[in-house]
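Please keep the sequence and the coordinates in view while reading.

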Amino acid sequence: MTKMRADLTSPKYTPEKLFWGRFMDEKICSKCGEKRLKSFFYGKAAECKKCWAERVRLYNERKPEILKKTKKKWNEKVHPPIECKICGTIFKRKSASSVCSLKCRILDGCKEEKNGCWIWQKCRGRQSYGKTGWFSKAVTAHRASYIAFKGEIPEGLQVCHKCDVRLCVNPDHLWLGTQKDNMEDAKTKGRLKGTPGIKWTDQQREKILKNRQPPNKKGEAHHLAKLNEKNVREIRNLLREGIKQNKIADKYGVCQSAVSHIKSGRRWPHILEEEK
Ligand SMILES: [Zn+2]
Ligand SMILES: [Zn+2]
Ligand SMILES: [Zn+2]
């Protein structure tokens with residue numbers, strides 16, 4: 001179909017219409033039925049700007065209600081009521097948690113040992129205390145256990161262990177005390193090292209020495225060593241000949257400061273002593 005060219009000589013095209021173009025076109029609003037200029041419509045909308053504004057106002061009035069409804073629907077879909085995996089009660093979820101209460105959270109996370117301690121199996125925080133979360137708050141596991149089984153902890157008090165096992169969350173092994181109480185307790189049990197007047201028993205000494213980290217290995221035995229004793233002797237010879245440190249460093253694939261430390265004896269001191 002060929003496109004018809006508008007007949008500009010027809011009386012339909014008044015000089016005004018020719019000047020204003022499409023803005024002079026009129027359209028009937030689908031809602032109020034009034035005939036209005038096309039510029040009174042948003043794009044290709046069927047309703048005029050006035051009716052549109054009315055519609056937006058009505059929507060804004062009902063908005064909180066609508067949002068509430070959709071959120072409720074969404075919540076039911078994402079967090080349906082489930083059965084607690086510890087106590088079996090059916091509860092409404094408020095988070096992704098699969099246990100109904102803090103009590104169940106503690107019971108879920110620990111394992112009972114022969115001596116009666118409930119050892120925390122989940123995340124560990126600083127100073128090897130157990131760590132857990134409850135409604136986006138991080139708490140140590142034994143404090144959470146005290147709150148769950150015995151009640152709130154008064155401000156300024158610490159939850160201490162009778163059994164001296166930091167990961168233990170058995171509420172029967174926990175007691176409330178001040179910092180001073182806790183320290184006194186540690187002193188009488190001989191847990192503090194370096195306290196004057198306290199001597200370790202042989203058993204304690206054995207345990208502490210066993211748990212202590214071994215010192216780093218020296219020389220070639222160190223896992224990060226790049227040089228060996230032969231290299232170091234060569235480097236010391238080259239230094240004596242007056243060759244620049246950075247050239248030696250490039251040759252052996254180490255940095256200049258390493259060569260400097262070898263020269264001063266801060267690194268590989270046993271080679272320096274050998275030469276003396
Ligand atoms: Zn209208
Ligand atoms: Zn439960
Ligand atoms: Zn315990």
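Arg36 counts as buried, because its relative accessibility is 16%; here buried means under 20% relative accessible area, exposed over 50%, and partly exposed in between, with a 1.4 Å probe and protein chains only. This is a predicted model, in which local features need pLDDT of at least 70 and side-chain atom pairs count only at pLDDT 80 or more, while totals for chains, interfaces and linings use all residues. Residues are numbered from 1 along each chain as its sequence is written, chains are lettered from A and ligands numbered from 1 in the order in which they are written, and side-chain values use heavy atoms, with hydrogens and water left out.

The partner of Arg36 in a salt bridge is Glu34, with 3.1 Å between the closest N and O atoms. The term salt bridge denotes a side-chain nitrogen of Lys or Arg within 4 Å of a carboxyl oxygen of Asp or Glu. Glu34 itself is partly exposed, at 41% relative accessibility. A salt bridge also joins Glu26 to Lys35, where the closest N and O atoms are 3.9 Å apart. In that pair, Glu26 is partly exposed at 48% relative accessibility, whereas Lys35 is exposed, with a relative accessible area of 58%.

Donors are N, O and S atoms within 2.8 Å of the metal (3.2 Å for Na, K and Ca); water is not among the atoms, so sites may look incomplete. Distant parts of the chain are linked by Cys29, in the loop between strand S1 (26–28) and strand S2 (35–37), and Cys48, in the loop between S2 and helix H2 (49–78), 19 residues apart. Helices (H or I, at least four residues) and strands (E, at least two) are DSSP runs, numbered from the N terminus. Both Cys29 and Cys48 are buried.

Glu47 forms a salt bridge with Arg55, with 2.6 Å between the closest N and O atoms. Glu47 is buried, with a relative accessible area of 10%, and Arg55 is partly exposed at 41%. A network of salt bridges links Glu54, Arg57 and Glu61. Over the whole structure, a search finds 8 salt bridges.

Aromatic rings supply a further set of contacts. The count of aromatic pairs comes to 2, where rings of Phe, Tyr and Trp (its six-membered ring) pair if their centres lie within 6.5 Å, and planes under 30 degrees apart count as stacked, over 60 as edge-to-face and the rest as tilted. Tyr42 and Trp52 form an edge-to-face pair, because their ring centres are 6.2 Å apart and their planes stand at 65°. Since Tyr42 lies in the loop between S2 and H2 and Trp52 in helix H2, the pair ties together parts that are 10 residues apart in sequence. Trp118 and Phe149 also pair edge-to-face, at 6.1 Å centre to centre and 75° between the planes. This pair ties together parts that are 31 residues apart in sequence, because Trp118 lies in strand S6 (residues 118–120) and Phe149 in helix H4 (residues 141–149). Trp118 is buried at 17% relative accessibility, whereas Phe149 is partly exposed at 28%.

The charged end of Lys27 is 4.8 Å from the ring centre of Phe41, and Lys49 sits over the face of Tyr42 at 5.1 Å from the ring centre.

The zinc ion (ligand 2) is coordinated at 2.2 to 2.3 Å by the SG atoms of Cys84, Cys87, Cys100 and Cys104. Its 4 donor atoms subtend angles of 105 to 112°, which makes the arrangement tetrahedral. The donors of the zinc ion (ligand 2) are spaced as C-x2-C-x12-C-x3-C. Cys84 is buried, with a relative accessible area of 3%, while Cys100 is partly exposed at 28% relative accessibility.

Terms used. Tetrahedral: all angles 85-135°; square planar, octahedral: opposite > 155°, others 65-115°. Lys NZ or Arg CZ within 6 Å of the ring centre and 35° of its normal.
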